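Please look over the protein chain shown below. The report that follows takes up its fold, its charge pairs and its surface patches in turn.

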Amino acid sequence: MDFNARMSHQFRSQATGNNGGRGKQQQNDADAFMRLPDREIVGCISDIGVPFALEDLQKPNPQQIQKVFEWFAELLMNATRETVEPAMRAAAEDICGEYIEVVPADTRNLMGFYVSLRRLLVECGVTDFTYSDLLKPTHERLARTFSYIINFVRFRESQTATIDEHFNKAETTKARIETLYLENQDMEARLDEMKRKRKGMEALAKEKTERNEQLKARLLELKRGQEHISERSERAKNEKGRLTGQLEEKTEKCLNIRQECEKLRPYVLQSPAALQSNLTELSENLSKDRSRIDLLEKRTRALQTSTDTFGIVFNDVNSCTKVLEEVSNELQKEDEENLKATKRRDALSERGNNVREVERHEAMLQRQLKRWLERTDAVRNSSKEKTDAAKTKMEELRGVHRQLTEERAEKGREMERRRVRIEQTEKKMADLKENIEVEIHAAHDEYLKMDSHIKLYITEMEQSI
């Protein structure tokens with residue numbers, strides 16, 4: 001804390017020789033140009049609402065000076081010890097941990113405030129401001145620092161319209177950039193969501209397509225099976241019709257034969273020999289008929305077996321028909337799914353168009369953002385040019401101020417010389433007045449003496465007469 005920045009600058013200036021001497025001379029000229037009278041500094045600080053007297057500047061009190069610096073920092077940067085307290089407390093907790101009370105809160109906040117104040121003073125032109133200027137302020141450095149700050153505040157007030165204009169433009173541009181950034185983020189989120197939905201729809205459509213192909217293959221196989229079963233059923237029906245016709249024909253023949261036997265029976269009974277021959281013949285016919293009947297029964301059983309087989313086949317055909325109906329329903333559902341898939345594909349293509357529209361909109365927003373950035377750069381460049389122009393004007397004003405200061409200093413010296421002359425003249429006039437008064441008193445004394453001598457002489461004359 002005892003380090004003196006001015007002594008350090010003096011040592012470096014002595015070590016650097018003539019160049020450092022010229023730099024120090026330029027710094028002294030700048031300080032002389034920016035230096036304000038003490039009464040003007042006190043008046044400016046008092047005008048802003050801070051009670052401050054000439055004695056407070058000549059014999060500074062650290063607490064009062066810190067309050068004045070805090071007021072200036074709050075006015076120009078909105079920074080006080082209270083605003084830096086959370087950040088300093090967090091830094092102390094990170095560094096000291098549970099030993100946070102090692103550094104007192106007031107000292108910690110004052111150090112944080114010093115950093116903000118030093119940044120402000122660097123912008124004002126004071127580059128050698130140290131921590132000791134807050135704890136042990138001196139009259140010369142304090143008057144110099146206050147002079148720079150007051151000149152900066154005056155310059156800032158004179159350029160309020162320009163500063164507000166550029167600040168409003170920068171805020172508007174910043175708000176627009178933030179809005180475009182948020183819109184871009186929203187569009188990107190929507191695009192990602194649509195891409196995810198599109199991938200899901202593509203996977204679902206692919207799965208439906210594969211299932212559709214499987215069902216088509218199964219349907220073709222069932223159709224081939226149905227055709228084969230239909231052919232077998234037709235052949236069985238034809239065979240059944242043929243066998244049924246044969247059975248009916250044989251039954252009819254058998255009945256006709258029996259009727260003929262019944263008709264021939266009375267004739268056979270009339271002659272035993274004829275009856276015997278007829279009996280033999282009938283026995284033969286009967287055996288033949290039995291054999292035929294057995295054959296017909298075998299054929300009937302075969303036909304029954306075929307009929308049962310046909311029933312089974314018919315049931316199989318019915319089940320196949322049901323399966324075909326189910327397949328038809330499945331195909332109808334598949335067609336509906338295909339229609340839905342087509343609609344979804346159309347919706348997906350529409351969403352793809354929307355995605356492309358969003359991408360075009362995003363590209364347009366990117367171009368707008370680029371144009372706004374270019375405009376921002378142009379505004380920044382124009383602001384920089386205006387700032388340079390303002391600095392140039394400030395230099396001109398400083399030159400005018402320097403000239404006015406020199407003229408004021410010259411007039412002050414002239415007034416001082418006149419004041420000295422007036423004081424000398426007044427002193428001579430006072431001496432002359434005093435001499436004249438002494439001479440008047442002496443003349444008055446002489447007059448009294450002469451008056452007394454005359455009166456004495458007249459008295460003596462009257463006595464003589």
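## Basis and overall fold

Helices (H or I, at least four residues) and strands (E, at least two) are taken here as DSSP runs, numbered from the N terminus. The model is a predicted one, in which local features need pLDDT of at least 70 and side-chain atom pairs count only at pLDDT 80 or more, whereas totals for chains, interfaces and linings use all residues. Residues are numbered from 1 along each chain as its sequence is written, and side-chain values use heavy atoms, with hydrogens and water left out.

The protein chain holds 11 helices and zero strands, so that, by the definition of these elements, its order from the N terminus on reads α-α-α-α-α-α-α-α-α-α-α. Of its 465 residues, 21% count as buried, where buried means under 20% relative accessible area, exposed over 50%, and partly exposed in between (1.4 Å probe, protein chains only). Among contacts (heavy atoms within 4.5 Å) between residues at least 6 apart in sequence, 71% join residues at least 24 apart. The accessible surface comes to about 34,000 Å², of which 54% belongs to carbon and sulfur atoms; such areas come from the Shrake-Rupley method with a 1.4 Å probe, and for residues only the protein chains shown count as cover.

Leucine 243 is found in helix H10, which spans residues 160-269, and it counts as buried because its relative accessible area is 13%. Between leucine 243 and alanine 302 there are 59 residues in sequence, while their C-alpha atoms lie 9.3 Å apart in space.

## Salt bridges

Side chains of opposite charge can pair when their charged atoms come close. With a salt bridge defined as a side-chain nitrogen of Lys or Arg within 4 Å of a carboxyl oxygen of Asp or Glu, a search of the whole structure finds 15 of them. One joins the side chains of aspartate 128 and arginine 141 at 3.3 Å, N to O. This pair links distant parts of the chain, with aspartate 128 in the loop between helix H7 (105-124) and helix H8 (132-135) and arginine 141 in helix H9 (residues 139-158), 13 residues apart. Both aspartate 128 and arginine 141 are buried.

Lysine 253 forms a salt bridge with glutamate 249, the closest N and O atoms being 3.7 Å apart; because the two are four residues apart in helix H10, about one helical turn separates them. Lysine 253 counts as partly exposed, at 41% relative accessibility, and glutamate 249 is partly exposed with a relative accessible area of 41%. In helix H11, arginine 380 and aspartate 377 are three residues apart and therefore separated by about one helical turn, and their side chains meet in a salt bridge of 2.7 Å, N to O. Salt bridges that share partners also join Glu410, Arg413, Glu414, Arg417 and Arg418 into one network.

## Surface patches

Patches are made of residues with over 30% relative accessible area and no salt bridge, like charges being joined within 9 Å and nonpolar side chains (Val, Leu, Ile, Met, Phe, Trp, Tyr) within 5 Å. Lys250, Lys288, Arg292 and Arg299 gather in a patch of positive charge on the surface, to which helix H11 (residues 272-464) gives the most, with three residues. Lysine 250 lies in helix H10 and is partly exposed, with a relative accessible area of 31%.

Met450, Ile454, Tyr457, Ile458, Met461 and Ile465 form a nonpolar patch on the surface, with about 660 Å² of accessible area together. Methionine 461, found in helix H11, counts as partly exposed at 37% relative accessibility.

How values were computed
Lys, Arg positive; Asp, Glu negative; His and termini not counted. Charge placed at Lys NZ, Arg CZ, Asp CG, Glu CD.
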